[in-house]
Amino acid sequence: MGPATNLAEVLTARPDLAERLVVTQKGGAVNYRDPERAEHNFRMDPVAAATLVSTARLPKLVLSDTTFTPEIEIRRGGTLHHRLSRPDALPWARLVAAHLDQWFEHFHPSTIQHDALTLAAGLQMPFVGLARERVLVDAAGRLTINPTGHLVRLSVTANYPVFMGWLDRGLEAAGARGGGR
């Protein structure tokens with residue numbers, strides 16, 4: 001998650017690892033909402049993004065095309081936020097709720113679960129659909145499908161309600177409410 005800078009450094013310094021690492025990266029977009037720019041993570045270090053795509057063996061790219069949707073938002077007062085901020089929630093949950101409250105107050109009224117959906121793809125959960133495509137990364141970090149490009153797996157679908165249920169159940173199982181572990 002984030003720019004691929006560290007991963008690109010590893011792949012460059014230790015090319016023997018390219019065949020052994022299983023890479024799932026949040027980043028890239030084929031149809032980014034602003035065609036003049038690249039998706040944030042790829043835009044932050046386009047050279048690293050290109051290295052990742054050209055070097056890693058069949059990396060999974062969880063695209064902004066799949067993750068940028070209100071269907072996977074956490075909002076103030078929503079089910080997940082409420083569970084984390086209950087007075088009887090465990091300390092870690094209340095800390096997460098406090099951070100969410102600061103985010104809601106200072107930045108945006110919701111937070112999209114891009115990274116959690118990427119984690120789900122990395123865990124091979126059945127609700128993130130992937131397709132093999134050949135892609136290139138340009139100097140600005142924009143991702144394009146190109147028959148001469150590098151073979152990757154791109155997120156193409158996600159079952160958002162099932163994903164949010166999985167996230168909710170995971171927090172419940174982790175004891176977000178008092179009396180848990």
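**Exercise 1. Describe how helix 7 (residues 114–122) packs against helix 8 (residues 160–173).**

Solution. The axes of helix 7 and helix 8 come within 11 Å and cross at roughly 90 degrees. Axes here are lines fitted to C-alpha atoms, for helices over the stretch in contact, and angles run from 0 to 180 degrees between N-to-C directions. Helix 7 and helix 8 are therefore roughly perpendicular to each other; angles under 35 degrees count as roughly parallel, over 145 as roughly antiparallel, 65 to 115 as roughly perpendicular and the rest as oblique.

Next, the residues in contact (heavy atoms within 4.5 Å) are listed. Helix 7 contributes Ala116, Leu117 and Ala120, and helix 8 contributes Tyr160, Phe163, Trp166 and Leu167. By class, this contact of helix 7 with helix 8 holds 7 nonpolar, no polar and no charged residues. Ala, Val, Leu, Ile, Met, Phe, Trp, Tyr, Cys and Pro count as nonpolar, Asp, Glu, Lys and Arg as charged, and the others, Gly among them, as polar.

A note on the basis: this is a predicted model, in which local features need pLDDT of at least 70, side-chain atom pairs count only at pLDDT 80 or more, and totals for chains, interfaces and linings use all residues. Residues are numbered from 1 along each chain as its sequence is written, and side-chain values use heavy atoms, with hydrogens and water left out. Helices (H or I, at least four residues) and strands (E, at least two) are DSSP runs, numbered from the N terminus.

**Exercise 2. Apply the analysis to helix 1 (residues 5–13) and helix 3 (residues 46–55).**

Solution. The axes of helix 1 and helix 3 come within 8 Å, with a crossing angle of roughly 50 degrees. That angle makes helix 1 oblique to helix 3. The crossing of the two helices is left-handed, that is, the near helix is turned anticlockwise from the far one by less than a right angle. On helix 1, Thr5, Leu7, Ala8, Leu11 and Thr12 meet Ala48, Thr51, Leu52 and Thr55 of helix 3. By class, the contact of helix 1 with helix 3 has 5 nonpolar, 4 polar and no charged residues.

**Exercise 3. Locate the salt bridge of Glu19 and explain what the pair ties together.**

Solution. The partner of Glu19 is Arg57, the closest N and O atoms being 3.4 Å apart. A salt bridge is a side-chain nitrogen of Lys or Arg within 4 Å of a carboxyl oxygen of Asp or Glu. Glu19 lies in the loop between helix 1 and strand 1 (24–26) and Arg57 in the loop between helix 3 and strand 2 (60–62), so the pair ties together parts that are 38 residues apart in sequence. The whole structure has 10 salt bridges.
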